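Here's a quick briefing to read with the model open beside you.

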Amino acid sequence: MNELAVIHRILDLARWAPSGDNTQPWRFEIVGPHDVVVHGFDTREHCVYDLDGHPSQIALGALIETAAIAASEYGLRLVSTHRSSSPEARPVFDWHFSPSDSSRRSPLIDCIQCRSVQRRPLSTTPLTASQKQTLESACGDGFEILWLEGPQARWNTAWLMFHSAKIRLTSPEAYEVHRDIIDWRKQFSTSKVPEQALGTDPITTRLMEFVMGSWERVRFFNRFLAGTWAPRIQLDLLPSLRCGAHYVLVAKQQARTLEDFVDAGRAMQRLWLTSTHLNLQMQPEITPLVFARYARENRKFSRETKVIDLAQEVKARLEALLGTEASNRAVFMGRLGSGPAATSRSLRHPLEELIITKPTITPTQHG
């Protein structure tokens with residue numbers, strides 16, 4: 001296999017890195033047989049969840065880690081350098097691949113394409129000490145995991161998720177995101193989230209599709225027909241109760257810069273791929289972290305006053321669960337457990353659609 005073919009193969013695996021709502025906030029510019037320029041972007045201007053672009057930066061970190069793992073297949077080492085002169089909302093990274101005598105094939109390569117989100121209930125069998133130690137080691141020296149285990153911790157986390165979900169379902173800003181990212185009546189989607197991956201039953205799914213046809217319908221159902229209850233129970237409460245454990249990835253030093261969040265994304269991806277290697281299923285739970293930060297910094301993120309008040313409640317519940325200091329240093333959160341892999345999932349744009357010849361890109365909301 002020639003050098004350019006190797007680069008294409010590495011990029012073909014790297015594109016399977018996770019990103020919020022399957023945004024895929026990256027484009028690749030191949031500039032030589034060993035060099036790639038990655039043009040990133042974030043969605044902060046139109047996505048309420050992408051606070052200051054940090055979730056997109058975490059996704060870019062996951063991309064870099066995935067490429068580094070994929071490169072080990074060919075005995076290559078990846079050095080990724082952030083161009084500090086590039087705009088924060090459009091970061092650019094220079095990748096250089098070089099031979100490495102010490103690079104051995106990572107067993108995580110086999111998990112890159114099968115790693116996915118499982119939003120449905122999982123087994124409540126606790127994780128073993130060995131599993132937890134392996135996952136903790138995967139995170140690296142700069143991060144630690146706080147485990148939320150046992151019936152009481154799962155219950156408290158479930159209520160946190162339940163209250164956070166109310167913000168998602170009553171905020172017009174969140175509605176606009178959900179309206180655009182769900183691929184209705186689909187099992188797979190290359191650019192969005194297919195409806196069958198949501199985790200709701202068929203009746204609730206069809207009702208959601210109808211209600212989300214307009215914000216006026218959403219407001220009517222929420223106000224007069226308890227419209228948030230069924231999705232909150234099915235998407236948040238029950239899955240939170242049905243898992244082996246929840247976890248919080250905590251930076252030892254509070255993440256502040258783009259590089260900090262990229263490092264967090266690399267740790268998150270190692271953790272996720274390692275959980276897949278251990279035959280554990282995973283679902284991210286980052287919305288409480290986002291809404292708690294909005295509240296902590298007194299930032300108005302919605303035109304609905306009640307939603308702002310709900311964020312303060314989420315912040316209080318998160319701090320009661322983790323402690324104030326740990327909640328400030330938390331960079332990612334999710335739930336884990338044994339169970340079948342998801343039968344519906346987001347796919348990715350074909351590699352040829354992600355390779356550009358000019359550095360100027362105009363990304364759509366969904367990448």
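What follows is a short tour by topic, and keep in mind that this is a predicted model.

**Nonpolar cores**
- The largest nonpolar core has 59 residues, and the members touching the most others are Trp26, Phe28, Leu63, Trp95, Phe97 and Leu249.
- Helix α2, residues 54–71, is the top contributor to this core, with ten residues.
- Take Leu63: setting aside neighbours within four places in sequence, it's in contact with Ala14, Arg15, Ala17, Trp26, Phe28, Val38 and Trp95.
- There's also a second, separate core of 41 residues, with Val48, Leu148, Leu160 and Val211 among them.

**Helix α2 against helix α9**
- The axes of α2 and α9 (residues 258–277) come within 6 Å and cross at roughly 55°, so the two helices are oblique to each other.
- That crossing of α2 and α9 is right-handed.
- On the α2 side, the residues in contact include His54, Ile58, Ala62 and Ile69; on the α9 side, they include Leu258, Phe261, Met268 and Leu273.
- Sorted by class, the α2 contact with α9 has eleven nonpolar, six polar and three charged residues.

- As background, most residues other than glycine have a negative phi.
- Asn22 has a positive phi, near 60°, and sits in the loop between α1 (3–14) and β1 (26–32).
- Asn22 counts as buried because its relative accessibility is 4%.
- Asp52 also has a positive phi, about 55°, in the loop between β2 (35–40) and α2.
- With 21% relative accessibility, Asp52 counts as partly exposed.

Methods: Residues are numbered from 1 along each chain as its sequence is written. This is a predicted model: local features need pLDDT of at least 70, side-chain atom pairs count only at pLDDT 80 or more; totals for chains, interfaces and linings use all residues. Side-chain values use heavy atoms; hydrogens and water are left out. A nonpolar core is a set of buried Ala, Val, Leu, Ile, Met, Phe, Trp, Tyr and Cys residues joined through side-chain atoms within 4.5 Å. Buried means under 20% relative accessible area, exposed over 50%, partly exposed in between (1.4 Å probe, protein chains only). Helices (H or I, at least four residues) and strands (E, at least two) are DSSP runs, numbered from the N terminus. Contact means heavy atoms within 4.5 Å. Axes are lines fitted to C-alpha atoms, for helices over the stretch in contact, and angles run from 0 to 180 degrees between N-to-C directions. Angles under 35 degrees count as roughly parallel, over 145 as roughly antiparallel, 65 to 115 as roughly perpendicular and the rest as oblique. A crossing is left-handed if the near helix is turned anticlockwise from the far one by less than a right angle, and right-handed if clockwise. Ala, Val, Leu, Ile, Met, Phe, Trp, Tyr, Cys and Pro count as nonpolar, Asp, Glu, Lys and Arg as charged, and the others, Gly among them, as polar.
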